[in-house]
Amino acid sequence: MDPRRKTYPDDHWLKSHDPEKALGAYLEQQDKAYSRVKNNFIRELLGDLEGKRVMDYGCGAGFFSVYAAQAGAAKVVGIDAEDSVLATASHFARLKGVQDVCSFVQSDRFPSFLGRDVFDVVLMKDVIEHVPDDQVLLHAAAAALVPSGKIVLSTQNAFS
């Protein structure tokens, strides 16, 4: 792991190795007014996902990975640096019945797909503040897109 990457304290929900407990804490966080407004805006930016290939980079507990699958995405790849949250994301996808559409990958770097997998949409919600070189991240994300693809990026602010 890159020592410059922002990390979370040990008592944060995403460090939990109990997927059910972590998912409950995560969904509670997503139900707060600020998160609801922000998430609705991100849904609007994502647009129609029917038949799309979606990468959710920094997927956390899989909120938008599951959303994309439920919205008709053909393939969803959730990637996160924290292995504990990937167990929670997999658990969430199973609970929502979209485990066949979603796959989850542990990586603290943006994966290089070398033309094997190309995405219609790359979502990076609350990720850019965790990486040491945002320009490298953005170039890698752009390289993972089809020519008419879309990057949706959001970051934290003082209210979150």
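Select β1 (53–57) and β4 (residues 119–125) to begin: these strands run parallel and are joined by three bridges. Strands, like helices, are DSSP runs numbered from the N terminus (E, at least two residues, for strands; H or I, at least four, for helices), and two strands pair if DSSP finds at least two bridges between them. Within this pair, Met-55 stands opposite Val-122 in β4.

The model is predicted: local features need pLDDT of at least 70, side-chain atom pairs count only at pLDDT 80 or more, and totals for chains, interfaces and linings use all residues. Residues are numbered from 1 along each chain as its sequence is written, and side-chain values use heavy atoms, with hydrogens and water left out.

**The sheet**

Next, select the strands β3, β2, β1, β4 and β5, which form in that order an open sheet of five strands with parallel pairing. At its edges lie β3 (102–106) and β5, each of which pairs on one side only. Direction ignored, neighbouring strands of this sheet are turned by 15° against each other on average.

Move to β5 (residues 145–154), which pairs with β4 in the parallel sense over six bridges. Here Lys-125 stands opposite Ser-154 in β5.

Select α3 (residues 63–70), of whose eight residues six are buried (under 20% relative accessible area; exposed is over 50% and partly exposed in between, with a 1.4 Å probe and protein chains only). The buried residues are Phe-63, Phe-64, Ser-65, Val-66, Ala-68 and Ala-69. The helix lies across β1, β2 (75–80), β3 and β4, and runs at about 175° to β2. Such angles run from 0 to 180 degrees between N-to-C directions, with axes fitted to C-alpha atoms, for helices over the stretch in contact.

After α3 comes Gly-72, with a positive phi near 100°. Gly-51 is partly exposed, with a relative accessible area of 46%. Leaving aside neighbours within four places in sequence, Gly-51 is in contact (heavy atoms within 4.5 Å) with Gly-72, Ala-73, Ala-74 and Asp-120. Gly-51 and Ala-73 are 22 residues apart in sequence, yet 4.7 Å apart in space, C-alpha to C-alpha.

**Asn-39 in helix α2**

Select Asn-39 in α2 (residues 33–46). This residue is buried, its relative accessible area being 2%. Beyond its neighbours within four places in sequence, Asn-39 is in contact with Gln-30, Phe-63, Phe-64 and Lys-125.

**Helices α1 and α4**

Now display α1 (residues 19–30) with α4 (residues 83–95), which pack at an angle of about 80° with their axes 9 Å apart. The two helices are therefore roughly perpendicular (65 to 115 degrees; under 35 counts as roughly parallel, over 145 as roughly antiparallel and the rest as oblique). On α1 the contact is made by Pro-19, Glu-20, Ala-22, Leu-23 and Leu-27, and on α4 by Ala-87, Thr-88, His-91, Phe-92 and Leu-95.

**The whole chain**

Finally, show the entire protein, which has five helices and five strands. Along the sequence they follow the pattern α-α-β-α-β-α-β-β-α-β. Buried residues make up 43% of the 160 residues.
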